[in-house]
Amino acid sequence: MTFDSALFVSAELDIEFIEAASDPIGETCAALRAFGLVGFVEDDTEGRAGAVSAILAFAPDRGLLAATADGVTTVPAQSVIDSLSVQLRAGVGLRAGEEELSAVHESAADAAEEASTSTEPVETIFVVAGELSTSIDRRSEIAQQLESAVVAAPLGHRTLVAASRRAPFASWSAAQRPVIALQYADDALAVHVYSRRAVSEGPARERRTMAGIPDWMALWDPAPILLGRAQEVVHAHSTVAEIENRLLDDRNETIRALALTDEAVLSETQIDGPALAELLGRPLDALLVAEVVEALRLRREVTAVLTGERPTTSLPGAVVIDESPGDRDPGRRGWWPFSHPSRSRRR
């Protein structure tokens, strides 16, 4: 039995590997392809850590679309996720409109309480356009604020601060803003924008809440992994490609709808909103990193530091600021000028 490929919607599949897997994304792709499913798997940091997400073609009241040698048909969604939970020893959930299905393998349920989702800190670059003192008597303040040893360097009328954090979230006062945070690691680029207006207007409680919340954020990952293109189903290939292209178009349209369009924030940060919007949804590569930095209207040194081409400590005027000065000489408490490559946080 074949299926009219025009009658389908996007379904979100989430797979949570509770037990460690060497290649969660690869195992997920192999399992989905074994069913002949049509769609794609996100190749992102969360997936590599064991929380894999995918978008699949789903026919309401019929099931998931699957490619066969005779065309595209459907398979019962619940039986697929039940099988996936057993095969991958994981929790599996599927959402399509108002329909939600799930399955949890017994071993995964037992291990869930012991699972940890923490990740190792990676370097985050903060470009601070507001007030940020790096004078000797105040250098330790930024390290205490970010709870991390940092490297700070003047960058034109702004200050570049590199810190080791699990995520680019941080609290910034109105005087320090606007701030743009960038984190590039594990094949993902995250951008957070913090405006002055967000903590300067409204009730005091609301302003305090907004101190650590960005006005806007975006994430770029490598291109999703298409499932159907690897299927050995020659007769259905063109139909599968058409379906997957539509799923990708829907994905990219959703991402582009989240573009930064607030004119007040764009004016304050000097970000090129239209140029940045054009980059949303594009797969991550080295060229894209430079284009994002350019759209943010930041200097090229930011790209060089972000990609590891240049250590932060090599920037003119850079200083390393210690988070825990301990018993160091009070005259040098909390800081020391960079003098040796081994002190660089990025090598």
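The model is predicted, so local features need pLDDT of at least 70 and side-chain atom pairs count only at pLDDT 80 or more, while totals for chains, interfaces and linings use all residues. Residues are numbered from 1 along each chain as its sequence is written, and side-chain values use heavy atoms, with hydrogens and water left out.

**Overall make-up**

- The protein chain has 11 helices and 16 strands; helices (H or I, at least four residues) and strands (E, at least two) are DSSP runs numbered from the N terminus.
- Of the 347 residues in the protein chain, 48% are buried, where buried means under 20% relative accessible area, exposed over 50%, and partly exposed in between (1.4 Å probe, protein chains only).
- Contacts (heavy atoms within 4.5 Å) between residues at least 6 apart in sequence join residues at least 24 apart in 66% of cases.

**Nonpolar cores**

- A nonpolar core is a set of buried Ala, Val, Leu, Ile, Met, Phe, Trp, Tyr and Cys residues joined through side-chain atoms within 4.5 Å.
- The largest nonpolar core has 38 residues, and those with the most contacts inside it are Leu 182, Val 191, Trp 216, Trp 220, Val 292 and Leu 296.
- Helix α10 (residues 286-295) provides the largest share of this core, with five residues.
- A second, separate core holds 29 residues, including Ala 54, Ala 66, Val 92 and Ala 103.
- Leaving out residues up to four places away in sequence, Leu 182 touches residues that include Thr 124, Ile 125, Ala 190, Val 191, Val 293 and Leu 296.

- Strand β12 (residues 188-194) is largely enclosed by the rest of the structure, because seven of its seven residues are buried.
- On one side of β12 the buried residues are Ala 188, Ala 190, His 192 and Tyr 194, and on the other they are Leu 189, Val 191 and Val 193.
- Strand β11 (residues 179-185) runs antiparallel to β12 and is joined to β12 by seven bridges; two strands pair if DSSP finds at least two bridges between them.
- Within this pairing, Leu 182 stands opposite Val 191 in β12.
- β12 also pairs with β13 in the antiparallel sense, over five bridges, and Ala 190 stands opposite Leu 219 in β13.

**Second largest pocket**

- A pocket is an open set of points on a 1 Å grid over the protein atoms alone, where a 1.4 Å probe fits, with protein on both sides within 12 Å along at least five of seven lines; lining residues have an atom within 4 Å of a point.
- The lining of the second largest pocket has 32 residues, and Glu 42, Leu 219, Asp 221, Arg 251 and Ile 255 lie nearest its centre.
- β1 (9-17), β3 (51-59), β13 (216-220) and α7 (237-256) each supply at least two lining residues, and α7 gives the most, with seven.

**Two threonines**

- Thr 303 lies in helix α11 (residues 300-306) and is buried, with a relative accessible area of 14%.
- Apart from neighbours within four places in sequence, Thr 303 is in contact with Val 289, Ala 290 and Val 293.
- Thr 261 is in the loop between α7 and α8 (263-269) and counts as exposed at 59% relative accessibility.
- The C-alpha atoms of Thr 261 and Asp 272 are 9.9 Å apart, with the two residues 11 residues apart along the chain.
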